[in-house]
Amino acid sequence: MTGEADPVADTRELDAVFAETVRRTGASIGALYLLAPDGQVLWLDVLCGAPAEFAAPWARVSTAAPAPVADAVREERMVWVGSQEEMVHSYPRTAMALPYPLALVAAPVTGVRRWGTLLLMWPATRPPYMTGRERGHIASRCGRLARLLEEAVERGRSPAPSEQPRVVPLEDGRRPVDPVTAVADFAERLPGGSCAVDLEGHFTYLSSGACHLLGREAGQLLGTLPWQSLRWLDDPIYEDRYRAAVISREPVSFTACRPPDHWLEFHLYPDASGISVRIVPSGAQPPPVPAPPHSTRTVTPARAGRLYQLTHLAAALTEVVGVQDVIDLVADQIMPAFGAQGLVLSTADAGRLRITGHRGYRADTIEGLDALSLDTDFTPAGRALSSGIPAFFAAPEEMRRVYPDALLISGKQAWAFLPLIISGRPVGCCVLSYDHPHTFSAEERAVLTSLAGLIAQALDRARLYDTKHELAHDLQQALLPRTLPPVTGLRVAARYLPATRGMDIGGDFYDLIRLGDTAAAAVIGDVQGHNAAAAALMGQVRTGVHAHATLGTTPDQVLARTNRLLTDLGPDLFTSCLYAHLDFTRHRVTLASAGHPPPLLRLPGGDTRPVDVPPGPLLGVVPDAVYPLTELPLTPGLLLAFYTDGLVETPGVDLDESIAGLARHLAHADDSDLDLLIDELLRRTSTTGQRTDDLALLVLQHGTGR
């Protein structure tokens with residue numbers, strides 16, 4: 001299907017199908033997230049049933065985030081959360097920012113490729129399960145949305161992220177907001193008359209009784225937000241009750257004091273068109289000290305939306321691991337949340353600010369800003385770090401008056417310099433910048449200042465993790481052989497992959513030992529654990545095996561003597577090991593095992609099977625352990641594969657079945673290039689993604705004349 005692109009028509013049709021999907025499923029709120037071109041971030045494209053402000057914490061969601069919309073598109077499955085309790089258990093970060101009773105489903109929008117995620121939310125009153133028919137209907141609607149997106153691309157219009165999501169009504173058209181219609185809606189929702197607000201929180205109707213209780217005329221309140229026009233309701237607690245009513249679609253009540261001592265009860269009754277509010281005098285006793293008639297606060301309190309946004313970002317910052325994770329989170333979530341177009345994140349190192357990450361700047365600009373002194377007066381970063389006070393510049397004129405050189409190199413129009421300090425120690429500086437002048441409200445400054453402290457903590461932890469990781473990685477690489485020695489008549493390839501969680505190191509090892517011109521030894525082992533202690537013990541085991549092997553010791557004695565060494569050291573860690581002696585003169589392979597998985601043997605004809613090697617005890621357990629020997633003929637073309645349990649152990653799968661599956665893959669693998677053969681085995685055994693264990697793989701093939 002091709003044709004001339006009409007962006008307005010494409011968007012209108014997509015919005016109509018999306019709104020129809022929300023209505024047909026009976027959902028109270030719907031959201032359509034689309035994948036960014038790089039596939040790393042989901043952006044909120046269109047929203048239904050709630051104000052855009054509510055979705056601010058989730059306007060941008062990393063596909064790696066532990067969130068329903070991310071899981072749905074990443075794993076290409078429908079994610080159902082039937083209750084708030086299930087949300088707390090499965091998605092604690094989302095539950096912190098969305099603490100309301102509800103049920104939701106996140107479904108992947110997939111056609112010829114992955115497009116994004118459809119999110120639907122219901123009040124908690126619906127059944128806490130989904131029927132097969134419901135799932136099928138939602139999947140069908142996702143397919144329809146995917147086809148619309150594909151047709152738009154064929155017409156030359158690819159989806160592009162915008163600063164704010166489109167908000168479409170559940171109805172085919174928005175009803176006019178006037179007092180007559182509002183009164184009619186209100187009358188349908190509850191008896192009597194008080195006041196009504198729309199889903200965005202604006203007053204749409206007030207009865208005379210409501211005006212009397214609130215102490216204002218209707219004309220002063222219609223179209224305003226209660227927490228802005230009534231200062232005594234200017235508290236996040238009250239706004240949160242309104243948010244709870246909109247999201248949960250359930251009645252909500254609270255009590256507030258209108259100065260000096262008039263206590264009022266507010267009862268909120270929501271539906272898809274708005275909220276009816278019943279206001280009655282409260283029977284509660286006034287506090288001992290009446291509230292002052294005028295607020296004594298000099299700073300406007302943060303809106304509930306900002307507080308939830310801060311909570312959401314704070315939870316996200318607790319989950320980052322490395323410095324790059326911090327950079328990505330600030331760029332993908334904090335920048336969009338505050339509308340920034342530029343980012344420079346620096347760390348304090350040896351008296352200078354080293355730029356560790358940036359967005360929205362040219363390379364030459366970053367080069368000019370990198371490695372500035374901590375007390376620099378070239379930019380406001382130095383003063384912000386020395387004083388610990390953030391600096392905000394709403395327009396170029398403000399920056400030019402104090403830092404004229406910085407303005408020339410930056411190319412931006414507004415800046416927030418946030419010092420990252422922990423217990424008086426400078427960690428770095430985070431700079432958010434804007435392409436146009438930007439006024440920082442007191443609320444925004446307060447939230448950014450709070451975030452700076454959280455970013456500092458996260459960045460400091462991340463730097464420590466990266467340092468430990470680098471040291472551990474260097475230790476691991478030093479203990480493993482850099483290269484395997486060439487052995488005449490033997491083709492060899494090996495691979496080590498760390499676990500994807502933890503410190504990326506472990507105790508798996510391999511080695512190939514040349515024993516003169518007529519023999520060689522191959523060894524593979526697995527020390528218990530995935531930490532520096534395991535890696536250090538691995539080095540001791542490998543050294544012990546190597547020393548005994550070069551003395552011409554038989555395989556059983558190599559393991560026995562290494563075992564005695566470990567029992568004398570008493571490391572409290574156990575080690576499995578498989579040792580093979582290859583005699584090219586006698587054309588024999590002699591093997592001994594210390595509790596290690598059996599090697600795989602592939603004959604020249606392709607027949608592949610595990611070798612039955614009777615295992616002895618693990619190394620370091622029994623001082624006088626005996627390790628039986630097994631002999632095989634060493635024929636041309638014979639291939640042996642040694643591996644650790646990280647390659648074959650899968651939760652819920654029998655180990656023998658996994659080994660048999662690996663043997664089948666090896667039987668059909670092309671052996672013309674052993675490195676490519678290893679790549680194929682790793683791909684077929686699903687070890688290229690998340691790994692809970694490290695693994696080692698060593699493949700040997702006796703000369704075939706190739």
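Okay, let's start with Phe584, which sits in the loop between strand 22 (575-583) and strand 23 (588-594). Helices and strands here are DSSP runs, H or I of at least four residues for helices and E of at least two for strands, numbered from the N terminus. Keep in mind that this is a predicted model, where local features need pLDDT of at least 70, side-chain atom pairs count only at pLDDT 80 or more, and totals for chains, interfaces and linings use all residues. Residues are numbered from 1 along each chain as its sequence is written, and side-chain values use heavy atoms, with hydrogens and water left out.

So, is Phe584 buried or exposed? Phe584 counts as buried because its relative accessibility is 14%; buried means under 20% relative accessible area, exposed over 50%, and partly exposed in between, with a 1.4 Å probe and protein chains only. And what does Phe584 touch, once we skip its neighbours within four places in sequence? Its contacts (heavy atoms within 4.5 Å) are Val487, Thr488, Leu490, Thr518, Ala519, Ala520, Leu634 and His702.

Now another Phe. Phe574 lies in the loop between helix 19 (555-569) and strand 22. Phe574 is partly exposed, at 38% relative accessible area.

Next, salt bridges. How many does a search of the whole structure find? It turns up 24, counting a side-chain nitrogen of Lys or Arg within 4 Å of a carboxyl oxygen of Asp or Glu.

Take Glu20 and Arg141: their closest N and O atoms are 3.1 Å apart. Glu20 is in helix 1 (residues 7-25) and Arg141 in helix 5 (residues 132-154), so this pair ties together parts 121 residues apart in sequence. Arg141 is buried, with 10% relative accessible area, while Glu20 is partly exposed at 24%.

Then there's Arg495 with Asp679, a salt bridge at 2.8 Å, N to O. That one also links distant parts of the chain: Arg495 is in strand 19 (residues 490-497) and Asp679 in helix 21 (residues 674-684), 184 residues apart. Both are partly exposed, Arg495 at 21% and Asp679 at 35%.

Helix 21 comes up again with Glu680 and Arg683, which both lie in it, three residues apart, about one turn of the helix. Their side chains meet in a salt bridge of 2.9 Å, N to O.
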